[in-house]
Amino acid sequence: MNKERRLLELADEYRDCKRCGLCKTREKVVFGEGNPDAKLLIVGEAPGAEEDRAGRPFVGESGKILNTFLKAACISRRDDIYITNTVCCRPFTDEENRDGSTYQENRPPNKEERAQCRARLLETIYTVAPYLIIALGKVPLQALLGRVG
């Protein structure tokens, strides 16, 4: 099967996902993007606020930092990599300011959220079939190793 078509089908399967509670607060499912034939796959932790609004991975502050590193390494984000996250929806907590107003703070996905999105992550990896996978942090590494705790 064509890799691009399979990734689109997989994204469609998760577009209206209700496997965990993150579906109640998300704006958009943030699936993944890049070259389906990439030899390098990057896995992040979870979408942040900017990614949730845009429906694309790594477009916020962490995306700017990643783009700087990719450029320095002469790696094209569009042509050379496929990028996704451990979970496709933004996990956050409501925090309170000193004045009593509230704001949303990103948080790592919990065990249940990671477990419910793991099949999608593994299918993405299987479809892209990269030579190298880079986990950007502890949570993605645990997810790749099958340790949801």
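The charged end of R19 sits over the ring of Y14, 4.1 Å from its centre. Such a charge counts when NZ of Lys or CZ of Arg is within 6 Å of the ring centre and within 35 degrees of the ring normal. Aromatic pairs number zero in the structure. To pair, rings of Phe, Tyr and Trp (its six-membered ring) need centres within 6.5 Å; planes under 30 degrees apart are stacked, over 60 edge-to-face and the rest tilted.

This is a predicted model, where local features need pLDDT of at least 70 and side-chain atom pairs need pLDDT 80 or more, while totals for chains, interfaces and linings use all residues. Residues are numbered from 1 along each chain as its sequence is written, and side-chain values use heavy atoms, without hydrogens and water.

Now turn to helix α3. Helices (H or I, at least four residues) and strands (E, at least two) are DSSP runs, numbered from the N terminus. Helix α3 covers residues 61-72, twelve in number. At 1.5 Å a residue it should span 16 Å, and its end C-alpha atoms are 17 Å apart, which agrees. The expected span is 1.5 Å times one less than the number of residues.

Which residues of α3 are buried? They are G63, L66 and L70. Seen down the axis, the buried residues of α3 fall within an arc of 60°, so they line one face of the helix. The arc is taken from the directions from the helix axis to the C-beta atoms. An α-helix has 3.6 residues a turn, so residues three or four places apart point the same way. Buried means under 20% relative accessible area, exposed over 50% and partly exposed in between (1.4 Å probe, protein chains only).

The buried residues of α3 pack against β2 (40-44) and β3 (81-85). Contact here means heavy atoms within 4.5 Å. On the other side of α3, the exposed residues are E61, K64, T68, F69, K71 and A72.

Just after α3, C74 takes a positive phi of about 60°. F58 lies in the loop between α2 (49-54) and α3. F58 is not a glycine, yet its phi is positive, about 55°. With a relative accessible area of 10%, F58 is buried. A129 lies in the loop between α4 (111-128) and β6 (132-135). A129 is not a glycine either, and has a positive phi of about 55°. At 43% relative accessibility, A129 counts as partly exposed.

Last, the cysteines. The structure holds zero disulfides (pairs of cysteine sulfur atoms within 2.5 Å). For C20, the nearest cysteine sulfur is that of C89, 6.1 Å away. C20 is buried, at 14% relative accessibility.
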